[in-house]
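User: I would like to learn how to read salt bridges and helix packing in a model. Can you walk me through them?

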Amino acid sequence: MSATRRDFVIGAAALAAVPVSAGAAGRRRRVGVVGGGIIGASVAFQLARAGAEVILFEREAPAAGATRASVAWINPVVNDAAYMRLRLESMRAWREDDRALGMNAIWGGSISWAYPDKEEALRAKAAVLQHTDDPPRALTSRQITEVSRGIHAGDDVAFAFETRRDGHVDPVQATRRYLAAAKKLGARILYPCEVEGIVVASGRMTHVETSRGRWALDDIVSVAGVDTPRIMAMMDRTLELAHKPGLVVHTEARPVVTDKVFEASSVIEFKQYADGRFLTSLTGGPPELPVHAAIRQQRAAFPDDELRRRHGQMLIDQTATYLPAMADTRPAQVLLGFRPYPLDNRPICGPVPGVVGAYVVVTHSGITLAPILGRYVAQEIMEKTPAALLTPYRPSRFMKV
């Protein structure tokens, strides 16, 4: 069987619908999805695949928020064994979706290193990973360069390790693939379409008011990223998220020199796409300077284009000390992203307390978790079967009736 034919068969199998879950009067269950980032797109696809009538409401455009400004590193690394199991399950789901939907993920592995001030935290992550089927391989600074020629981490590396099964993806392209698959199954993708109100009667969600009209729904799934507190407030629920700005820069294309993701002492993450673009990210957000005060306190844009350009070039120059192939590149895109960040840095996923028919998903690890959360949300809504791996992450730990 040719590769093209094989991909078609796998894709067709992925789009096959399972038995329909009925809404009122025996019709298909109508489910609204609020948010067109990668998790919302995955949820819409899996709900449509399970037989729901899906309507996705996106405020701006698909992948316009945190998804677009993500490093999109698919990995299990976290200092928490239970959370890591969820991430590992999602990595397996990523492989399935990559094959079925043509996500074009790059499975080159990753290298992380730490200087003395971050050594303990990185060793803790490595210890948790030892219990997986991809245990990390410790590296010296010299071995980093041997494994990935062109990378120079420096002589003061205190600890480093390599993983072989991590991947990365173009998050905008992946989101579009999910949405295209959902549309093939009958989902409606509406944008720009802002949710302006949610009607709750006798403890049950019944309708959603949008900039494009009123929609009767059996269920609503909020996957609205940093806009989640506003959506919850429409149902008289309070959910606070941490404010976490981050800077992501895409460069002009250059010859491809690596397929890995690199993490430099929990400060910079960088990679290269198959088309030659480099991506580098300042994970801690902008430095504490007066010019950044508004950005560090709330969602705000760069005050001017010159500051945006300078930040982009500064980050490229800093990353080029580790990857000289980036030297002399210029920023093609400088994205200031605001990450959906639960206060305990663990996912929030499950029914909204006290509101029948309302479900919420919000997590910092949206790229890694998108495939598995799509599957589990569809399972819990359409089959009414709880997903055991989501038990520690219910919204009730933050929201009370």
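**Salt bridges and a helix**

Analyst: Arg59, Glu194, Asp227 and Arg230 are linked in a network of salt bridges. A salt bridge here is a side-chain nitrogen of Lys or Arg within 4 Å of a carboxyl oxygen of Asp or Glu. This is a predicted model: local features need pLDDT of at least 70, side-chain atom pairs count only at pLDDT 80 or more, and totals for chains, interfaces and linings use all residues. Numbering starts from 1 along each chain as its sequence is written, and side-chain values use heavy atoms, without hydrogens and water.

User: How many salt bridges does the structure hold?

Analyst: There are 22. In one of them, aspartate 80 pairs with arginine 346, with the closest N and O atoms 3.2 Å apart. This pair links distant parts of the chain, 266 residues apart. Arginine 346 is buried, at 18% relative accessible area, while aspartate 80 is partly exposed, at 23%. Buried means under 20%, exposed over 50%, partly exposed in between (1.4 Å probe, protein chains only).

User: How many residues separate glutamate 89 and arginine 92 in helix 3?

Analyst: An α-helix has 3.6 residues a turn, so residues three or four places apart point the same way. Glutamate 89 and arginine 92 are 3 residues apart, about one helical turn. Their side chains meet in a salt bridge at 2.9 Å, N to O. Helices (H or I, at least four residues) and strands (E, at least two) are DSSP runs, numbered from the N terminus.

User: Which residues of helix 9 are buried?

Analyst: Among them are Leu307, His311, Leu315 and Ile316. The buried residues of helix 9 pack against strands 14, 16, 17 and 18, where contact means heavy atoms within 4.5 Å.
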